[in-house]
Amino acid sequence: MDRLPTYQTPSDGRLSAEMLADYDEHGVLVLEGFVDPRECTRLKERVAELVEAFDPGEVGHIFSATEQTQLGDAYFEESGDKVRFFFEHDAFDDRGRLRQPKLDSLNKMGHAMHDLDSVFDSFSRTPALAQVAADIGIAEPGIIQSMVIFKPPRIGGEVQCHQDSTYIFTEPLSCIGFWFALEDASLENGCMQFIPGAHKFGLKKRQRRGEDDKLRLETIDSTPWPGTPVPAEAKIGTLVIFDGCTPHLSGPNFSSRSRCAYTLHAIDRRCQYPADNWLQRSAELPLRGFTS
Ligand code: FE2
C-alpha cells in the first residue's frame, strides 16, 4: 500500500460504509477538508497567545519525542489536567538560551486545553466530530487528552514508531486518535506516517506506573512491526483518525516550515481506565465527549 485511505469529508458529515470498511481494515482514515482553514488559523492564533503568556523560567522542560513521555519529570507527569509547555531537545544552546523564538522552540503543549480553554473547547467539540466519533463506534466518548504538536522548523524532533494505546491504555482497548493538520504537512517537514493494517496485531507495549511510583514500558510482544510506514501528507484542515493500536511515527523537521498539528485522544468511558496510567485527571475535571 503506497497511499492511506483518503477521502474528501462528506457534505452530510456521515462516514460511508466504504470509509468505515477502510478504517477497520487499515486502522487509519484520512478526511481532507474536515476543518475550515480559518478555524485552524484561529486555533493557531490562540496557541500563539498562550505561548506568549508562558514564562519558561530558568529551566525549560524538554520533551523526549523519541520516548513519548518525559519519565521522572513531575512537570510532565502532572500535566494531564493542565496546560503545560514542552521544549524541543535542541531548543537551547550550550549556555541555556533559546536558539529560536519561543514559538519555534516548543515540541508540544498539553494535555487539557480542550477542557480549560474556550477556543480549544469549541474546536474540539463540534457536531461534525461527534458524528465521526459515533460513526466509528465510540459509544460513550471521553476526550482524555489534547495536544498541540509544534514540529518547529529546523529542530522539530523525530518521533519513533509507537502505538498510542501504550500510553492511553483501557480495558478493553478503546483509544482513538484524532489528528488535525493546522498547517500543510509533507515528508519534508515531518508529516505523520502510519503502518496500515498493523493495528490488527495488537498492542506491543504498555506503559504503567509501578509500585515505586516510576513509569515504565512493559513489552507485551517483541516481534517487529508488520509492514512499512506510509506517509500521511496532509493539507491544512485535514483530519486523520487512527486506532490506538495503529503504529505511527514522524520524521524530523529540518525544513524552514513548521508542521503544527492538534490532536485529541478519545476513549470509551464504558472501559476501565487504570489508576497506573500516566495521565490522571482531577475529579474536578470530569471526562467529557465531543458534544458541548
Ligand atoms: Fe502517537
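Is His248 buried or exposed? With a relative accessibility of 4%, His248 counts as buried, because anything under 20% falls into that class. Keep in mind, as you explore the views below, that this is a predicted model.

**View 1. Three residues hold the iron ion.**
The iron ion is coordinated by His162 through NE2, by Asp164 through OD and by His248 through NE2. These contacts span 2.1 to 2.2 Å. Read along the sequence, the donor residues follow the spacing H-x1-D-x83-H.

**View 2. An open sheet of eight strands.**
Follow the strands across the sheet and you will read S1-S2-S12-S7-S14-S5-S4-S3, with mixed pairing. At the edges sit strand S1 (6-8) and strand S3 (83-87), each of which pairs on one side only. On average, neighbouring strands of this sheet are turned by 20° against each other, direction ignored. What holds such strands side by side? Strands of a sheet pair through backbone hydrogen bonds, in a parallel or an antiparallel way.

**View 3. Strands S4 and S5, side by side.**
Strand S4 (residues 106-111) and strand S5 (residues 141-149) run antiparallel and are joined by four bridges. For a pair to look for, find Met109, whose bridge partner in S5 is Val148. Helix H2 (residues 37-53) packs on the sheet here, touching S3, S4, S5, strand S7 (176-181) and S14. The direction of H2 makes about 95° with that of S4.

**View 4. Strand S12 and its two partners.**
S12 is mostly covered, with four of its five residues buried. On one pairing, S2 meets S12 in the antiparallel sense over four bridges, and Val30 has Val240 in S12 as its bridge partner. On another, S7 and S12 run antiparallel and share five bridges. Here Ile176 stands opposite Asp243 in S12.

**View 5. Helix H6 against the sheet.**
Which residues of H6 are buried? They are Leu129, Ala130, Val132, Ala133 and Asp135. The buried residues of H6 pack against helix H1 (17-26), S2, H5, S7, S12 and S14. Just after H6 comes Gly137, which takes a positive phi of about 100°.

**View 6**
How many aromatic pairs does the structure hold? There are 12. One of them joins Phe123 and Tyr262 in an edge-to-face arrangement, with 5.5 Å centre to centre and 85° between the planes. Phe123 lies in helix H5 (residues 118-124) and Tyr262 in strand S14, so this pair ties together parts of the chain that are 139 residues apart in sequence. Both Phe123 and Tyr262 are buried. In another place, ring pairs link Phe54, Phe85, Phe87 and Phe92 into a cluster.

Asp276 is found in the segment after strand S14 (261-268). Is Asp276 buried or exposed? Asp276 is buried, since its relative accessible area is 18% and the limit for this class is under 20%. The side chains of Asp276 and Arg208 are joined by a polar contact of 3.1 Å. Leaving aside neighbours within four places in sequence, Asp276 is in contact with Arg206, Gln207, Arg208 and Arg209.

**View 6. Thr291 on the outside.**
Like Asp276, Thr291 lies in the segment after S14. Thr291 counts as exposed because its relative accessibility is 56%, and the exposed class begins over 50%. Not counting residues up to four places away in sequence, Thr291 touches Arg125 and Ala130. The C-alpha atoms of Thr291 and Arg269 are separated by 14 Å, and these two residues are 22 residues apart along the chain.

Technical notes:
Residues are numbered from 1 along each chain as its sequence is written. This is a predicted model: local features need pLDDT of at least 70, side-chain atom pairs count only at pLDDT 80 or more; totals for chains, interfaces and linings use all residues. Side-chain values use heavy atoms; hydrogens and water are left out. Donors are N, O and S atoms within 2.8 Å of the metal (3.2 Å for Na, K and Ca); water is not among the atoms, so sites may look incomplete. Buried means under 20% relative accessible area, exposed over 50%, partly exposed in between (1.4 Å probe, protein chains only). Helices (H or I, at least four residues) and strands (E, at least two) are DSSP runs, numbered from the N terminus. A polar contact is a pair of N or O atoms within 3.5 Å; within protein, one must be able to donate a hydrogen and the other to accept it, and residues adjacent in sequence count only if both atoms are side-chain atoms. Contact means heavy atoms within 4.5 Å. Two strands pair if DSSP finds at least two bridges between them. Axes are lines fitted to C-alpha atoms, for helices over the stretch in contact, and angles run from 0 to 180 degrees between N-to-C directions. Rings of Phe, Tyr and Trp (its six-membered ring) pair if their centres lie within 6.5 Å; planes under 30 degrees apart count as stacked, over 60 as edge-to-face and the rest as tilted.
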